Structures are given as structure tokens and as C-alpha cells.
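Here are my notes, as promised. Have a look at the model first, then read on.

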Amino acid sequence: MIVWFCVGLFFLGYGFSRAEEPLAEEVPELKRLEVSHELPPVQTTGGFLVWQDVRFYGEWRIQYNTWMGYYRLLDPQSVRYAFGTLEACEKKAKECDIPPVKGRVLVLLHGLGSNRLTFQNMAGWFRQRGGYDAIVNITYPSLSVPVAEEAKRVGEILRNLEGAESFDLVGHSLGAIILRCYLGHEPDKRVRRFVQLCPPNQGSGFAGRVHDSSVTNLFSVSPLGDLSLGKEAMLEQFGVPKCPFAIIAGGKGDGQGFSKNLPGDDDAVISVATTHLAGAEDFLVLPWEHAVVPNAVETFEAVARYLDTGSLRADGVRNPL
């Protein structure tokens, strides 16, 4: 069932992409297209599974379509203003006179089979709360890009935000592992703190079982192989973040968790024990399932406390690993 769900997501992403944008054969000059001023702005879904964010201008962004081979420029509401080459979209971004990113920036990265909607609620909460000059909520093709490759792309996005003074990072599930990989090697020195939400830091048996199936091998769901690595292999390949970091896991706190198929406490997808990573400044278990954790107000508050003070709890007490 899970295998076919993943395959279904893959083709759903293609369907969204196909519905939003013209194919190369429909626009023969697409690859060389500058910016078509004849096309009005078009509302999109914001990108799903086959889209990779490559540039950010505040909360405007340029995306690359990994299936069709072209770029598009989206505003903060995911309205498309240009498509074609990267240069064409960069040119249009300059014409739109978008203010450059400055000051403190919050970076969010979703998990497997999802997109930036995972963090829409958290992003909105932080906008209302204030304290950040920009929120960079990244979309990437989570079913097809290996962890190390996406970590490099995240690094490129941050390097291009030259005016930013500091970054705080939050990742969920696969996104937390990608950011761990990025921060475990050559991270931007402007990174202040990092929070992992439900990270399979010691590998996921569930990912391993799905990865070994013939269907997912046929469609090359690359990140599943990375997530099925054991603790020591993950340490070797992804390292430990070279910045202060904390972990928030989901679980019932009763030693049994949400799933009968996982050992100990769990969030219905991974065990609490697999989220552990030595070196974390703080660790917290919240009573939510895997997909709920990044959307719970308690999570928003704990993340904000850690990014501001270095502690996930209101009383300032830490539970380091």
C-alpha cells in the first residue's frame, strides 16, 4: 500500500506540473525563451515533486522543472511571472524590483513526498510573530534527489542570499537529514541554530523496507536508500551539524507510541529512539504523529524558543543528548 502511495505521489507531481506549464513540444522555443510578456501572471500550486527551488529574492523564488528542463519565477503567493531560461527569470526578477534579502532569515525544508505546504502554517506563524526579515520555505523533488545532492543545492540557495546576516534552519523528516548533511560538512558561517523535527537520524527500517521493494527500485526513489542507512553509515556520510542544534520528536510518551509495528515510543512513522543524535543541545518529545509535528502550535513555540534562547522549554531547562 505504501509503495503504491509513493508511486501515486510521483505521477501526481507530474500531473500538477503538466497542468500548470506548457511542454517543450508545445512551445518549440521554450529552452531559448527569454520572457514572454504576452503571457499574463498565472496562479500555480507552488511546485510539487518535480520542482526544485534554485534562487530566492526575499520570498520570490525561481524554480527548475527537473522533467521539462526550464525555469519559472514565482511571487510569494506562487503566481508565475516568467518561464524559460534561468537568465530570463533572473532578468524578470530584476524588473520586478524585489527588495534584496537582509538581516535574519528563517529557512524551512520539508520531508519526503511533500512540498513547502508542510511549513506553510509555521511560516505564517513566524511572519505574524515577527523577528525575521525573510522566510525561505524551500521546495525540492523529494522522491528523486539523494540527500547529499540536495544538501549542495541548499548551500547554493543560501550562498546566493548575499545580503542575509544570519540563518536559522528547521527541517522535517527527510528535510532534517538533508540539512544535517549540509551542516555536517561545509555550512555557511552565517548559520546560527538548527532544529530537526522527527528526523530519522539513526536510519529508518520503514524506509529500508519500502526501498527494497521492486516498485520503488523501478522508479528510483533515491532518498529512501539514504534514510535506510544505519547509525554509523549516517554519521560517516552526513556527519553532525557544525552549529548548535536541537531535536523535536513525536510520540505518546508511554513507551508504546502510535504504531504497534515500531519498537518503543514512536510517531507512527519512526521510533523516538531513531531521532537521537549525539551533540544535540536539547531534545523534546511532543504528543503528535509524524505529519502533525510541523503543524502544531506547541512545535512553533518550542522552535521559536530554541532559536531565540537555545532552549526548547519555557523554563529554560535543557535535555541534551
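1. Ground rules. This is a predicted model, in which local features need pLDDT of at least 70, side-chain atom pairs count only at pLDDT 80 or more, and totals for chains, interfaces and linings use all residues. Residues are numbered from 1 along each chain as its sequence is written, and side-chain values use heavy atoms, with hydrogens and water left out.

2. The antiparallel sheet. Five strands form an open sheet with antiparallel pairing, in the order β1-β5-β4-β3-β2. Strands here are DSSP runs of E, at least two residues, and helices are runs of H or I, at least four residues, both numbered from the N terminus; two strands pair if DSSP finds at least two bridges between them. β1 (42–43) and β2 each have a single partner strand, so one side of each has no neighbour in the sheet.

3. β3 (residues 60–65) and β4 (residues 71–74) run antiparallel and are joined by four bridges. One to click on: Arg61, whose bridge partner in β4 is Leu74. Gln43 belongs to β1 and, leaving aside residues up to four places away in sequence, touches Gln77, Ser78 and Val79 (contact means heavy atoms within 4.5 Å).

4. The parallel sheet. The order of this open sheet of six strands is β7-β6-β8-β9-β10-β11, with parallel pairing. β7 (134–138) and β11 (282–286) are the edge strands, each pairing on one side only. From one strand to the next, the twist averages 15 degrees. (Axes are lines fitted to C-alpha atoms, for helices over the stretch in contact, and angles run from 0 to 180 degrees between N-to-C directions.) β8 (residues 164–172) and β9 (residues 191–197) pair over six bridges, with Val170 standing opposite Val195 in β9.

5. Helices on the sheet. α5 lies across β6 (103–109), β8 and β9, and runs at about 135 degrees to β8. α10 (residues 297–309) packs on the sheet too, touching β6, β8, β9, β10 (245–250) and β11, and its direction makes about 155 degrees with that of β9.

6. α4 against α5. How far apart are the axes of α4 and α5? They are 8 Å apart, and α4 (residues 147–159) packs on α5 at an angle of about 70 degrees. The two are therefore roughly perpendicular (65 to 115 degrees; under 35 counts as roughly parallel, over 145 as roughly antiparallel and the rest as oblique). Among the contact residues are Val147, Ala151 and Leu158 of α4 and Leu174, Ile178 and Tyr182 of α5. By class there are 11 nonpolar, one polar and one charged (Ala, Val, Leu, Ile, Met, Phe, Trp, Tyr, Cys and Pro count as nonpolar, Asp, Glu, Lys and Arg as charged, and the others, Gly among them, as polar).

7. α5 against α9. The axes of α5 (residues 174–183) and α9 (residues 231–238) come within 8 Å and cross at roughly 50 degrees, and the pair is therefore oblique. Ile177, Arg180 and Cys181 of α5 meet Met234, Leu235, Gln237 and Phe238 of α9. That makes five nonpolar, one polar and one charged residue.

8. The pocket lining. Which residues lie nearest the centre of the second largest pocket? They are Phe56, Tyr57, Pro100, Val101 and Asn160, out of 15 lining residues. β2 (51–57) and α2 (86–95) are the elements giving two or more residues to the lining. Eight lining residues are nonpolar, three polar and four charged.

Note on methods
On a 1 Å grid over the protein atoms alone, a cavity is a set of points where a 1.4 Å probe fits but cannot get out, and a pocket is an open set with protein on both sides within 12 Å along at least five of seven lines; lining residues have an atom within 4 Å of a point.
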